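Below is a short note for a colleague who has not looked at this structure before. The points follow after the display.

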Amino acid sequence: MKHRLLIIFLLGIFSLVHQEVSGQSFCSTTGAFTVTPEVGCAPMEVTITSQMTNAESVTYSYNFDRNSTSPPKEADRSYDLTHTYNVPGTYTILQYGSIKDVGGFSLCKDVTVKETRGPKAELISCPNGKVRVTLGNDAITKAYDMVIINWGDGKTQNVNPKTNTTPYFEHTYDPGSLPAITLKGSYTSTLCNAEANTTTLTAGAPQSLASIRIRSVEMPADGNAKIIYDGMEGIETKVYIAKGNGDFIFTNKSGQTGGSQSVSVPLLDPKVVYRFQLWSTDICGNVVQSPIVSSIAIKQGGLSLDEIISLEWENEPNTKGLVEYQLKRNGAVIFSDPLKRSYEDTDVKCGNTYQYDVVAIIENDVRSYSAPISLEPKTSAPGDITNALVTVKDENTISTKVELSGEGLTSEYNLIVERALLGTSNFELVSPANNQSLQWDDTNVSTSQNSYCYRFQYENACKMKSPSFSTPVCSILLTTNTPDIVWNPEAPFISTVETYTLQQVDKSGNVVNETPKGLSTNHTLDLASQSDFGYRIEAKSSDGNFVSLSNLLNFRSEAILLVPDAFTPNGDAYNERFEVKAYFVKDFKMSVFSRWGEVVYHSNDIAEGWDGNIKTGKAPGGYYLYKIEATNASGQTVVKNGSFLLIR
């Protein structure tokens with residue numbers, strides 16, 4: 001028998017499940033039962049009377065979802081015919097089961113359980129006898145058709161909680177005589193009015209207004225400042241303003257609504273700093289001031305370099321601490337710092353306009369926004385180059401150096417360098433395209449053969465050039481006309497030469513001796529006292545800022561003997577003596593012989609020379625022999641023999 005009932009029940013469920021598969025609601029109209037009562041007061045007990053005949057396994061669910069297409073879960077199924085609802089609300093009762101040879105059935109009916117708990121409200125009392133009641137916005141209070149406020153002094157006030165838009169209700173007593181204030185809910189019908197409970201309110205102190213605060217200050221370019229703040233329902237909040245560190249005055253902007261509020265304070269100067277503060281009055285008349293938030297004013301800084309935008313900003317102190325400043329360019333943060341209030345933006349290009357604004361981030365997630373400012377990099381024309389230098393670096397390299405000053409300078413530029421041989425005006429471009437080097441080496445020169453002159457012109461990133469080329473500067477070319485050395489007087493700087501110094505340099509390149517030369521451009525060497533050595537000129541500019549070097553002029557220590565092959569001692573003052581030129585020698589002696597080997601002249605003085613006379617008078621014309629013995633700078637003996645012609 002038990003198995004038979006189970007099979008019948010399962011067949012009924014299968015029939016109902018077919019409804020689920022077809023998408024129909026599980027609540028059909030094939031069942032039959034009554035519920036008593038259908039409407040009542042919480043807690044409410046209902047009784048079920050089934051009206052199904054020959055039904056088997058009749059099951060109930062006392063809180064069923066009418067829209068469900070599925071049978072209730074096992075935990076929600078019940079065979080009990082009574083159920084108690086403790087929480088107010090509208091509930092659906094589901095009946096379902098099966099009938100032999102017929103199939104499954106189901107039926108849904110609703111019951112309503114009315115609220116009987118006391119309504120909720122907040123009571124605030126003040127020392128001056130004023131009280132405020134704020135009805136709760138909860139389900140219990142809103143379940144009633146009416147809430148009756150009994151002020152305890154014989155006066156009552158009826159409020160419909162479903163349609164009420166008044167945030168609070170106030171009443172006044174004599175100070176110190178606060179009676180019991182109660183709330184009672186009621187319905188338009190008499191049902192459950194007697195069962196409805198009464199709430200006796202407990203007085204509390206005025207609520208804290210600390211949550212009323214400025215969230216952000218935004219200063220647009222038009223000066224209509226936007227203030228966003230958190231208000232409190234029923235609390236009047238006024239917006240005050242102070243210019244700089246002056247006194248606060250009322251802006252005629254106020255509100256008493258809760259949540260996020262926005263007000264506009266018009267006709268302000270976005271270049272001026274203002275302070276803002278909220279003044280709120282609680283129900284007891286106490287004025288509470290919010291933390292101060294300062295606006296920010298941004299402006300262009302004083303730096304005047306091209307392709308650099310300098311920015312500065314200022315604000316007054318805020319009540320809460322500053323976390324950091326953020327500088328934005330075209331909406332993106334490019335700089336942040338907790339203290340610094342200036343910035344130089346070098347990542348800008350000529351011909352572009354950039355928009356900047358500053359955000360101050362203050363403790364407790366407060367923001368202050370400056371008005372935006374639009375700026376373009378400077379595009380002034382650069383001036384002529386007034387400081388430049390050339391110096392010889394090695395045999396094939398001349399180094400150039402330029403110093404820039406004045407306006408028109410940009411982060412990117414082209415330094416144009418032109419070169420010409422000294423004494424010509426055929427200047428040609430030698431620098432590479434877009435030359436970014438202020439110290440540029442010219443490696444296509446021969447510094448011991450020529451002096452080279454250079455001139456310079458600056459072109460900035462805005463394609464603006466200095467008006468003209470600079471004054472040419474020329475390398476120092478040191479040459480020899482033994483025993484003299486000479487150099488060109490053209491200055492290697494744009495400024496004049498203060499002095500020249502002759503430097504003697506050893507094989508290792510070290511300066512071993514210096515001879516001041518003033519502004520002289522020549523020097524006679526004592527070649528007899530030298531070994532291997534080199535010379536170069538150092539020039540110093542009159543302003544003391546530049547030094548330039550010439551090419552290195554090297555000498556070798558081999559003795560040089562220059563002997564004439566004839567002389568004419570005939571009294572015409574031309575070629576009157578037989579004179580030998582000797583270089584790089586220390587000791588010297590010379591003997592002159594007749595064709596028969598007789599010594600007719602001898603001297604140890606290289607500067608003396610033979611005048612063509614012998615002991616007996618004038619030597620006859622003809623060929624004579626000579627022998628020269630000399631010691632070079634290294635101590636080696638050099639001997640030279642030969643003949644010459646004496647012409648009478």
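How do the residues of the lining of the largest cavity divide into nonpolar, polar and charged?

1. The lining of the largest cavity. The model is a predicted one. In it, the lining of the largest cavity consists of 5 nonpolar, 3 polar and 3 charged residues. The residues in question are P382, G383, D384, I385, T386, E403, L404, S405, E407, L409 and Y458.

2. The cavity itself. When the whole structure is searched, 1 cavity of 30 Å³ or more turns up. The volume of the largest cavity is about 70 Å³.

3. A sheet of three strands. An open sheet is formed by 3 strands, in the order β32-β33-β36, with antiparallel pairing. The edge positions belong to β32 (387-394) and β36 (439-442); each has a single partner strand, so one side of each has no neighbour in the sheet. On average, neighbouring strands of this sheet are turned by 20° against each other, with direction ignored.

4. The pairing of β32 and β33. Strand β33 covers residues 397-403 and is joined to β32 by 7 bridges, the two running antiparallel.

5. The largest pocket. This pocket holds about 300 Å³ of space. Its lining has 15 residues, and those nearest the centre of the pocket are S594, E598, V600, I614 and Y624. By residue class, the lining of the largest pocket divides into 8 nonpolar, 4 polar and 3 charged.

6. Where the pocket lining comes from. Two strands, β51 (599-603) and β54 (622-632), each contribute at least two residues to the lining of the largest pocket. The largest share is that of β54, with 3 residues.

7. The chain as a whole. The protein chain contains 2 helices and 55 strands. Its radius of gyration is 57 Å, whereas the globule rule gives 26 Å for 648 residues; the chain's value is well over that, so the chain is more spread out than a compact globule. Taken along the principal axes, the box filled by the C-alpha atoms is roughly 180 × 80 × 40 Å.

8. Burial. Which share of the 648 residues counts as buried? The figure for the protein chain is 42%, where a residue counts as buried if its relative accessible area is under 20%.

Conventions: Residues are numbered from 1 along each chain as its sequence is written. This is a predicted model: local features need pLDDT of at least 70, side-chain atom pairs count only at pLDDT 80 or more; totals for chains, interfaces and linings use all residues. Side-chain values use heavy atoms; hydrogens and water are left out. On a 1 Å grid over the protein atoms alone, a cavity is a set of points where a 1.4 Å probe fits but cannot get out, and a pocket is an open set with protein on both sides within 12 Å along at least five of seven lines; lining residues have an atom within 4 Å of a point. Grid points are joined across faces, edges and corners, and a volume is the space filled by probe spheres set on the points. Ala, Val, Leu, Ile, Met, Phe, Trp, Tyr, Cys and Pro count as nonpolar, Asp, Glu, Lys and Arg as charged, and the others, Gly among them, as polar. Two strands pair if DSSP finds at least two bridges between them. Helices (H or I, at least four residues) and strands (E, at least two) are DSSP runs, numbered from the N terminus. Axes are lines fitted to C-alpha atoms, for helices over the stretch in contact, and angles run from 0 to 180 degrees between N-to-C directions. The radius of gyration is taken over C-alpha atoms; the globule rule is 2.2 Å times the number of residues to the power 0.38. Buried means under 20% relative accessible area, exposed over 50%, partly exposed in between (1.4 Å probe, protein chains only).
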